[in-house]
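Please examine the sequence and the structure shown below, and keep both in view while reading.

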2 protein chains.
Amino acid sequence: MRVMGVDPGLTRCGLSMVDSGPGRKVVALDVGVVRTPPEAELALRLMAVADAAEEWMDTHRPEAVAIERVFAQHNVRTAMGTAQAGGVIALAAARRGIRVAFHTPSEVKAAVTGHGTADKAQVTAMVTRILGLQVAPKPADAADALALAICHCWRAPLLDRMAAAQAKADEVRRRYEQRLAEQRKVVRG
Amino acid sequence: MRVMGVDPGLTRCGLSMVDSGPGRKVVALDVGVVRTPPEAELALRLMAVADAAEEWMDTHRPEAVAIERVFAQHNVRTAMGTAQAGGVIALAAARRGIRVAFHTPSEVKAAVTGHGTADKAQVTAMVTRILGLQVAPKPADAADALALAICHCWRAPLLDRMAAAQAKADEVRRRYEQRLAEQRKVVRG
């Protein structure tokens, strides 16, 4: 499976492309950071981020795009810009028929380091080791984008199985309620 | 000037189109609300909102798109979705070369009612009166989208004059600093 990882942002947006093989094998194809000047208009900054992400999608044709889920941060203004950058990338993926998944920072940290409260240095070190890179990816946004893609490669099969189990449970329940309704009719009839 | 007003949201996104004439004359061309189901995937909800907004832009060809600036709300999750809906619409406008402006809720309220703390009913009542509508626009998101467009029609000339004054001030300062640097060279030389 080919997964594009996105650490969304306006000032720095981390992008990565990772291929997963059998088991937990993952290979990095590309990683980079898109930067837009803070003094530029918001709409133009979003366009620069979207243009770059779309070029990555059209070049590498990933099967899924994994984006970090944004929560309230210390700086609300920054959080909004981050959410919007993630939003335009999610839209670009949806328009190409590419699946979009959001993972929280702690899900990503837990996936690559084993614990959800790891710091940036630990995430970078594990990403470097997992992908067998010669040099640690820099800046942190690039490492985070790789961590997101790895997290998705490893979590996706689990999430798919959970979704399948949920769908099965819903179907069983639907049939049960249908039978119940029929029996009630018989009793009342 | 033709302005598209946007009260961004995922569950309900208000859209409006307003033409401004001489003085404070404004005419409503269209108003509506795009709805997306809360249980749908975020990327697909963003796509539905973007599709609708883009159809409005391509049909009415506004000169500017005025979007409500989102601040932290009680519900952070909702605020993020709202910011993202505004983001994909801002992107669509930027790609069409349409100017995008953000106005805060209090700027919008102040523009249409005269005070920045007006409630929803007051905004709706004033929007109805200003546009000379037979019936009050419903739901509140539709009225808000109209209020945003009216606010932009009235504030844009002011903002343009302020931007021009700022640019002039910057130019004067740049020239002053240049002269100062030259004089320093002379003194040192």
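Predicted model: local features only at pLDDT ≥ 70, side-chain atom pairs only at ≥ 80, totals over all residues.

Residues are numbered from 1 along each chain as its sequence is written, chains are lettered from A and ligands numbered from 1 in the order in which they are written, and side-chain values use heavy atoms, with hydrogens and water left out.

Consider strand E2 of chain B, residues 12-20; helices (H or I, at least four residues) and strands (E, at least two) are DSSP runs, numbered from the N terminus. Seven of the nine residues of E2(B) are buried, that is, under 20% relative accessible area, with exposed over 50% and partly exposed in between (1.4 Å probe, protein chains only). Strand E1 (residues 2-7) of chain B pairs with E2(B) in the antiparallel sense over six bridges; two strands pair if DSSP finds at least two bridges between them. Here B:Met17 of E2(B) is the bridge partner of B:Met4, and four residues lie between the strands of this hairpin.

E2(B) also pairs with strand E3 (residues 26-35) of chain B, in the antiparallel sense, over nine bridges. B:Val18 stands opposite B:Ala28 in E3(B). Their hairpin has five residues between the strands, and B:Gly23 takes a positive phi near 65°.

In helix H3 (residues 105-113) of chain B, the residues B:Val108, B:Val112 and B:Thr113 are buried. Seen down the axis of H3(B), its buried residues fall within an arc of 95° (taken from the directions from the helix axis to the C-beta atoms), so they line one face of the helix. Just after H3(B), B:Gly114 takes a positive phi of about 95°.
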